[in-house]
Amino acid sequence: MSKWPKKPLLAALTAVGLGVPCAMADGTAAATAYISVEAAGGTTLDGRTYKAYRLGSYGKTDVRVDQDSGDRYAASIPVSTDPDRADAVADAGAKAGFTGDDMLAAAWASTDSAKLEAFARGLASSLSDAEPAASVEGAGRMGPFTPGVYLVSGSDGSACLTGTLPSEGVGDRSHVLGIAEFEGDAQAAAAPQANSDESLATLDDDGDTSGSPIARYAAPTTVYHRLFDGTVTSTALDNEDPAISIYTGGNLSYMNNLEVEGSVIVNGNLTNGRGLVAGRANWGMGYTPPKNSVMLAVGGDYTSASTTDGNNWNRGAVGGRAQIGGRDNRVIPLDSLNTIHSYGLWSTWFISGQTNVKSISNMGHDAALKVDIDGKGTIVDYNDYVDRQLRPLSTQLANETPTGKVGYARGTDSTETVWLGVNGRNDDGSMKYNGQKDTVTVTSDEGVITFTGDGKKHTQVFDLDMDKLENQRKALRLLQWGVDFENVPGDTAIVVNVRGSGSRTWNTGWRYWVNGRKVSIGVNQQDGTYNDFRKLASRVLWNWTDASYVKYDESHGIMHINSTHSKAQDGKESYEGGSYGSAASPGKASNLPGTVLAPKANVRMRCDQNGRLLVGKDLTLDVWEHHNNPWVGFVDDNGVTVDAATTASHDGVDVGTTKAVHDSISLRDNGKKYGAAVAKATVTLNHSASTDGRTADEKATKATGAIQVAAGKTASADSPDFTPSDLKMTTWQPGRYWFDLSVDEKDLSVTGTTQHETSDVSNVAGLSGLTDSSEQ
């Protein structure tokens with residue numbers, strides 16, 4: 001049977017498809033899209049056929065602008081039945097109990113799940129002999145489709161309404177894709193539904209946004225967000241320790257940087273240390289080295305940029321222990337907040353609970369590279385690491401058969417956020433923005449490389465030929481490349497084997513997509529697509545198979561400054577030359593997602609990279625920041641990855657009523673061996689008096705009991721009930737409501753095998769708590 005939302009896909013579509021603008025005879029643009037059929041709650045759809053039938057079209061979209069973010073969103077989108085479906089729709093609608101001149105419009109606006117199911121099943125029966133627009137065997141993707149309302153029906157008799165949206169109000173891609181979710185034979189604990197698109201979460205049927213969305217909308221599919229992941233380090237590791245963010249087999253030159261997130265291993269010398277050389281970043285991907293671990297290991301000498309100019313930032317700081325084989329030119333180990341404050345450094349770099357923070361120099365090369373990676377005595381030897389690990393890994397990946405294809409195209413104009421100003425954090429730990437942000441105008445000279453996978457749940461492998469890429473860049477007259485990954489399902493790892501010897505340069509772009517959803521972010525951004533970008537960064541590995549020199553160069557674009565950085569540079573082109581603040585050069589703030597593996601190369605990074613950085617020879621970092629992200633392809637039996645999804649229950653609740661609501665939580669563990677346990681999850685119900693509001697006027701917080709999820713399984717739980725009195729109301733009032741889910745790291749633990757033998761959370765490297773949210 002299918003899973004039935006309270007409303008069809010209009011209220012909460014999931015942006016996970018490829019939109020391709022197509023020229024039409026009348027000069028307008030039509031969007032094409034794909035509809036994904038997915039199995040709900042860990043079930044399987046094997047042996048079934050699903051067909052899609054077009055039912056109707058969209059009318060004129062009422063597009064509005066969010067006053068806080070400036071984002072456009074669709075306030076209402078009317079639908080009408082296509083003429084060739086009029087008889088079938090009218091008959092099915094009447095039998096289901098709908099009334100009105102257009103039964104499809106009535107169904108699209110309905111929240112009655114029983115009527116919707118009867119309507120869809122009736123249509124499936126009457127259209128069974130009609131030619132479908134597309135079909136798929138089992139779970140998979142159908143299309144392409146033009147925007148409209150569709151029926152998806154299965155050979156088992158299941159059916160549901162779904163649809164694709166036109167481009168208005170959705171962003172710079174041309175559509176939002178619908179997912180039809182069904183329950184198959186291998187019934188597992190059904191995962192709850194989760195709202196995935198807050199710009200559509202406050203829609204009202206008649207375009208009036210004064211009503212309470214708490215009563216009206218539920219999403220049709222579960223959208224999981226990463227809660228935490230890591231690798232258990234108390235047993236044997238696989239290819240790469242997830243606590244290590246950067247490894248270079250030669251020397252590391254660290255220039256003009258602010259922060260490096262994670263642990264750093266340098267086989268040779270480290271020079272020009274500045275800012276945070278290793279440890280916990282002020283802003284990043286959230287993967288921090290374990291307390292008391294060795295966060296910096298240098299086989300040769302450590303030489304900071306300056307120890308005489310009075311600027312302690314130029315000396316370089318380490319968030320934990322440091323081991324130096326040669327001499328140490330006064331690196332600053334951050335052993336306490338007092339130390340941080342005395343040197344004028346950022347307090348957010350501090351990792352509490354450490355007891356052995358110091359720097360030891362003149363250890364000798366080999367001893368310095370034998371690293372306690374978890375602070376508990378688990379030693380990993382990084383001597384000869386290039387030959388023992390990185391080259392064999394690169395060769396293994398390079399020999400994988402490609403599973404997808406690579407395409408190239410010119411991009412479109414857009415405006416991208418470079419930097420968001422922050423003033424500390426909110427009560428829930430999220431960034432508190434101060435209204436300042438810098439943007440860059442990207443023109444069509446930024447191309448798009450599209451990696452299209454085969455849609456199957458295995459590692460997606462692509463070959464990227466640098467000679468062909470350069471020829472395409474010249475032919476299309478491009479400066480740089482954005483990246484689009486399409487038809488790459490779920491949490492599958494992605495390997496891009498970058499082919500080409502000698503010296504290679506890649507000008508990175510500002511924009512990245514996954515299955516049609518744009519996931520690009522700016523520095524300091526921790527809302528919107530942050531979790532999606534973070535997840536992409538953990539999935540992709542760029543394997544430079546043969547290059548001897550690799551340069552990731554700056555991104556170009558027209559800079560617009562709305563901050564105190566350097567207003568005199570507003571509107572100037574951001575080509576190379578100078579650093580952000582003294583010249584118009586924000587280009588190195590573009591965020592490249594994914595691990596970079598280059599075992600034969602010298603590498604220079606001039607863009608902010610988010611993932612492992614594994615270099616065989618010398619590495620030059622000339623970036624704002626480097627952010628740490630595990631690659632999921634490294635995770636084997638010792639991996640623990642837990643995702644969370646939530647949805648608000650709101651049956652029968654509306655403005656003026658008092659019926660209780662609650663949040664339903666689903667935890668999904670993707671590990672093979674280790675489960676996870678949450679002692680309690682904190683759920684917050686927020687209310688903003690304005691439907692456009694981003695900040696809650698009132699909020700109430702309650703905690704769940706313990707939730708345990710076994711390896712490879714899903715577990716669900718409900719939060720306590722919330723009533724209007726919890727928000728100091730007598731009844732539900734108009735406005736915007738949403739739930740937040742958060743888990744404190746101290747309440748997370750790992751369980752051994754499926755028998756739930758509890759082990760301490762500190763046995764996980766790179767463990768990171770995260771907040772998930774659902775909105776009604």
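Visitor: What is the mean pLDDT of the protein, and how many of its residues reach 70 or more?
Guide: The mean is 76, and 72% of the residues reach 70 or more. pLDDT is the predictor's confidence in each residue, from 0 to 100. This is a predicted model, in which local features need pLDDT of at least 70 and side-chain atom pairs count only at 80 or more, while totals for chains, interfaces and linings use all residues. Residues are numbered from 1 along each chain as its sequence is written, and side-chain values use heavy atoms, with hydrogens and water left out.

Visitor: Which elements have the lowest and the highest mean pLDDT?
Guide: Strand 1 (residues 22-23) has the lowest, 18, and strand 34 the highest, 97. Residues 574-582 have pLDDT below 50, and beyond near neighbours in sequence this stretch has 34 contacts in the model. A contact means heavy atoms within 4.5 Å. Residues 754-771 also stay under 50, and the model has 65 contacts for them beyond four places in sequence.

Visitor: OK, the overall make-up. How many helices and strands?
Guide: The protein has eight helices and 58 strands. Both are DSSP runs numbered from the N terminus: helices are H or I with at least four residues, strands are E with at least two.

Visitor: And how much of the protein is buried?
Guide: Of its 776 residues, 58% are buried. Buried means under 20% relative accessible area, exposed over 50%, and partly exposed in between, with a 1.4 Å probe and protein chains only. The protein exposes about 27,800 Å², and carbon and sulfur atoms supply 46% of that. The areas come from the Shrake-Rupley method with a 1.4 Å probe; for residues, only the protein chains shown count as cover.

Visitor: Take strand 20. Which strands does strand 20 pair with, starting with strand 17?
Guide: Strand 17 (residues 263-266) runs parallel to strand 20, joined by three bridges. Ile-265 has Ala-297 of strand 20 as its bridge partner. Strand 23 (residues 321-324) also pairs with strand 20 in the parallel sense, over four bridges, and Val-294 stands opposite Arg-321 there.

Visitor: How many residues of strand 20 are buried?
Guide: Five of five, over residues 294-298.

Visitor: Now strand 37. How many bridges go to strand 41?
Guide: Three, in the parallel sense, between strand 37 (residues 540-544) and strand 41 (residues 595-598). One of the partner pairs is Asn-543 with Leu-597 in strand 41.

Visitor: What is at the start of helix 7?
Guide: A side-chain oxygen of Asp-465 comes to within 2.8 Å of the backbone nitrogen of Asp-467. After helix 7 comes Arg-477, with a positive phi near 55°.

Visitor: Where does Thr-545 lie? And is Thr-545 buried or exposed?
Guide: Thr-545 lies in the loop between strand 37 and strand 38 (547-553). Thr-545 counts as buried because its relative accessibility is 5%. Leaving aside neighbours within four places in sequence, its contacts include Ser-394, Asn-497 and Lys-600. Its side chain also makes a polar contact of 3.0 Å with the side chain of Asp-546. A polar contact is a pair of N or O atoms within 3.5 Å; within protein, one must be able to donate a hydrogen and the other to accept it, and residues adjacent in sequence count only if both atoms are side-chain atoms.

Visitor: Last one: is Asp-384 buried or exposed?
Guide: Asp-384 is exposed, at 56% relative accessibility. Asp-384 sits in the loop between strand 27 (379-381) and helix 6.

How values were computed. Two strands pair if DSSP finds at least two bridges between them.
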